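Open the model in your viewer and keep the sequence panel beside it. The stops below go one selection at a time.

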Amino acid sequence: MDYDILILGGGIIGCAVAYELSKYNFNIALIERDYDVADDVAFFNTAIVYDGSETSDDVMSGLEYIGSNIMRETCERFNVPFKKIGCLRVVSDENGILKLEEMYERAKRRGIEGVYLLDDKDIHDIEPNIKSNVKRGLYSENVAIVAPFDLAIAYAEVASDNGVNFRLEEEVLNIQELARGFRVTTNKNKFNCKVVINTIPHEIFIQENGKVQEQELEDKQEKSKNMSYLLVDDNYQNKLNKIVIETFDKDSFVISAPMTTSGSLIGIKTTKKSTLEESLEYANRVISNLTIKNINNIFKESYNKDSMLIDDSEIDRGYIRITGTHYGKITIAPAIARMICDTISNNLNCTLNKNFIDKRREIYKFRELGKKEANEIIALDSRYGKIICVCNHISEGEIVDCIRRPLGARTVEGVKRRTGAGFGSCQGSHCYQKIVNILARELDKNITEIVDDSKNSKVLKSRIKEFKDV
């Protein structure tokens, strides 16, 4: 056998599974088609950690509750940004009030503490800047925000340090069942293994009778849902301190959440694609006087439904699949990983890895250091005293470190997602070229070989001899 276990997909779930399984004496590889892991995490690097009180699905609620507790401990151990700030759901009509009361009773039945039903006065005591037309609210003090890309990278780095082989830029073509185990074919190699854990969203590759069959979890005929996101500058005066969700009807809501760094994120869900003006109109139904001048960036995404399938019915053959998408995917990832690890360790004759090191190498974020600490770091490495991203105060030392770490950045986007450089108000106009130059130097590549995010996104096509600095 080439490997004991192959993990397909390097998203947040795949990285979490790799971390949990690296605690055992398995020969493990993770296959990811992109340049980097965790490409399923949005670039703004902020996600809500739910407590299980909002979902109508009891199984999903249990996974959220377990996942949030595991995540809190993991983030503390790996120094990943995690803030427990609470979530306030508000409504302004009678039907909405009934829904909140139903959610409250459901949370009580599940034994979830820290959930309260509020009237309009209590709502404004908790969140003074919210619009005054709300009638009822449901407040959960357990809900938090996390930096999901940081968490995924932490999982991957520790897993790599403990022996997991990350095979990037390999795309899975099919899986063939053998008499003992499986053969996984990629665009570069063929591997035999005992166990396959398939975390690739939507796609399931199965080879039966020589034919490859691809199955789709999502129903393409279902009405599409659209999310529009506004990244709001930190200088906006009426920002909300809590996560606030206002539901208007079954097909539309607005959610406002503080970012793990600075500023806030406002998401608008509708059944049709909305313009920037329409998104601002929706947002101003929850907060006041938000204008285009306060917007740092915008982006959109579409999806069909929130549904995840965790199928271990074929564990006796050595096959587990996790498919689909869900708004709480970040929250439930640690719970799914722990569950899969327990299942496999119980089904295979395995022993704990006595040399397992549950520690991540220290990261120094210059903007968070005190004056004394900053001077000490600069004395050790002068590159920490050279600011590359002026907007977010990111130093050259941080960029070099993120490239040299296990599974280090190899693209401009990889640097930006790891450090936050280029996500300031100038959107990288000041630091983009500097990041490219540092990547070329550290990777010992020609500057024309550096890519933005994938092999088809070269930053420079070719050199122009008249411009020696380019």
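The chain averages a pLDDT of 87, and 92% of the residues score at least 70.

This is a predicted model, in which local features need pLDDT of at least 70 and side-chain atom pairs count only at pLDDT 80 or more, while totals for chains, interfaces and linings use all residues. Residues are numbered from 1 along each chain as its sequence is written, and side-chain values use heavy atoms, with hydrogens and water left out.

Next, select Ile5, Ile7, Leu21, Phe166, Ile197 and Ile344. These residues have the most contacts inside the largest nonpolar core, which has 57 residues. Such a core is a set of buried Ala, Val, Leu, Ile, Met, Phe, Trp, Tyr and Cys residues joined through side-chain atoms within 4.5 Å; buried means under 20% relative accessible area, exposed over 50%, and partly exposed in between (1.4 Å probe, protein chains only). Centre on Ile344: not counting residues up to four places away in sequence, Ile344 touches Ile5, Leu21, Phe26, Val195, Ile197, Ile315 and Ile320. A second, separate core has 22 residues, among them Val90, Val244, Phe248 and Ala283.

Move to Ser61 in helix α2 (residues 58-78); helices (H or I, at least four residues) and strands (E, at least two) are DSSP runs numbered from the N terminus. Ser61 is buried, because its relative accessible area is 4%. The Ser61 side chain reaches the backbone oxygen of Gly52 at 2.6 Å. Beyond four places in sequence, the residues that Ser61 touches are Gly52, Thr55, Arg110 and Ile112.

Finish with two loop residues. Glu169, between β9 (165-168) and β10 (172-177), has a positive phi of about 60° although it is not a glycine. Its relative accessible area is 22%, so Glu169 is partly exposed. His393 is in the loop between β22 (387-389) and β23 (394-395). His393 is not a glycine either, yet has a positive phi of about 55°. With a relative accessible area of 45%, His393 is partly exposed.

Conventions:
pLDDT = per-residue confidence, 0-100. Contact = heavy atoms within 4.5 Å. Polar contact = N/O pair within 3.5 Å; in protein donor to acceptor, adjacent residues only side chain to side chain.
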